[in-house]
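The sequence and structure come first.

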Amino acid sequence: STSEPVRLEDWVRDIPDFPQKGVLFKDITPLLQDPKAFHIALDRLAAHYAGAGIEAVVGVESRGFIFGAPLAYLLNCGFVPVRKFGKLPSNTVSVEYALEYGTNVVELHTDAIKPGQRVLIVDDLLATGGTVSASIELVEKMGGHIAGIAFLVELGFLKGRDRLEGHDVFALIQY
Ligand code: PRP
Ligand code: HPA
């Protein structure tokens, strides 16, 4: 018998009031747990960037690593982690960004990106765009060229895409 095409959104569940009251949290762990859905998500991301000349995939700690590392493997390029403050052992550049409450700092090794290198930034989810904006800033400080920004999920109603203007933004699932 023929099989139905996988609808990735069927593998994302809503968790009300997490991490605080009034927030409807999109939980991607069901998708990660399902071999077919996880495989197809990565294949679709890889297909989107095939022939785009991506030279490095930058994944944003921590959920960006889940998609960034296998995507780098599929695109035959290296993987570069953007990490939370204090985790990277060598020389770093840092950017501070605003969270819903307070601020956070992300870092990148200064030798991780070469000037002009074509970089794909990957994260699991686009909400306000604060995290990825900080990652863009890090890559651009090192002279990297942002060839694309990829997400599994985009929360469109939070308008994060507006903060990424001028960049090529792609998401597999929109809400
Ligand atoms: C989540 C998510 C994105 C970011 C999206 O990460 O994985 O990185 O928030 O929000 P934004 O668009 O408003 O910046 P979180 O900071 O919870 O860290 P985690 O990946 O370690 O769970
Ligand atoms: N789901 C997962 N991660 C998130 C969300 C969400 O709804 N909002 C901000 N980060």
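Which strand gives the largest share of the shell around ligand 2? Strand β2 (residues 24–27) does, with 3 residues.

## Basis of the model

This is a predicted model, in which local features need pLDDT of at least 70, side-chain atom pairs count only at pLDDT 80 or more, and totals for chains, interfaces and linings use all residues. Residues are numbered from 1 along each chain as its sequence is written, chains are lettered from A and ligands numbered from 1 in the order in which they are written, and side-chain values use heavy atoms, with hydrogens and water left out.

Helices (H or I, at least four residues) and strands (E, at least two) are DSSP runs, numbered from the N terminus.

## Ligand 2

The residues around ligand 2 are Leu 24, Phe 25, Lys 26, Arg 63, Leu 125, Ala 127 and Leu 155; a residue is counted as near if one of its heavy atoms lies within 4 Å. By class, 5 of the shell residues are nonpolar, none is polar and 2 are charged. Here Ala, Val, Leu, Ile, Met, Phe, Trp, Tyr, Cys and Pro count as nonpolar, Asp, Glu, Lys and Arg as charged, and the others, Gly among them, as polar.

Polar contacts (pairs of N or O atoms within 3.5 Å; within protein, one must be able to donate a hydrogen and the other to accept it, and residues adjacent in sequence count only if both atoms are side-chain atoms) are found at two residues named here. A nitrogen atom of ligand 2 lies 2.9 Å from a polar backbone atom of Lys 26. A nitrogen atom of ligand 2 is also 2.9 Å from a side-chain N or O atom of Arg 63. Ligand 2 taken alone exposes 260 Å², of which the protein buries 79%; accessible areas come from the Shrake-Rupley method with a 1.4 Å probe, and for residues only the protein chains shown count as cover.

## Ligand 1

Ligand 1 is surrounded by residues including Glu 61, Ser 62, Arg 63, Lys 84, Asp 123, Asp 124, Leu 125 and Ala 127. This shell divides into 2 nonpolar, 5 polar and 5 charged residues.

An oxygen atom of ligand 1 is 2.6 Å from a side-chain N or O atom of Ser 62. For the side chain of Lys 84, the distance from an N or O atom to an oxygen atom of ligand 1 is 3.3 Å. Ala 127 takes part through its backbone, with an N or O atom 2.9 Å from an oxygen atom of ligand 1. On its own ligand 1 has 500 Å² of accessible area, and the protein covers 76% of this.

## Salt bridges

The whole structure holds 7 salt bridges, each a side-chain nitrogen of Lys or Arg within 4 Å of a carboxyl oxygen of Asp or Glu. One of the pairs is Arg 13 with Asp 27, whose closest N and O atoms are 2.6 Å apart. Arg 13 lies in strand β1 (residues 13–16) and Asp 27 in strand β2, so the pair ties together parts that are 14 residues apart in sequence.

## Backbone features

The loop between β1 and β2 contains Asp 17 and Pro 19. Asp 17 has phi near 60°, a positive value in a residue other than glycine. The peptide bond from Phe 18 to Pro 19 is cis, with omega near 0°.

Glu 61 and Ser 62 are also joined by a cis peptide bond, with omega about -10°. Ser 62 is in the loop between β3 (56–60) and α3 (63–74).
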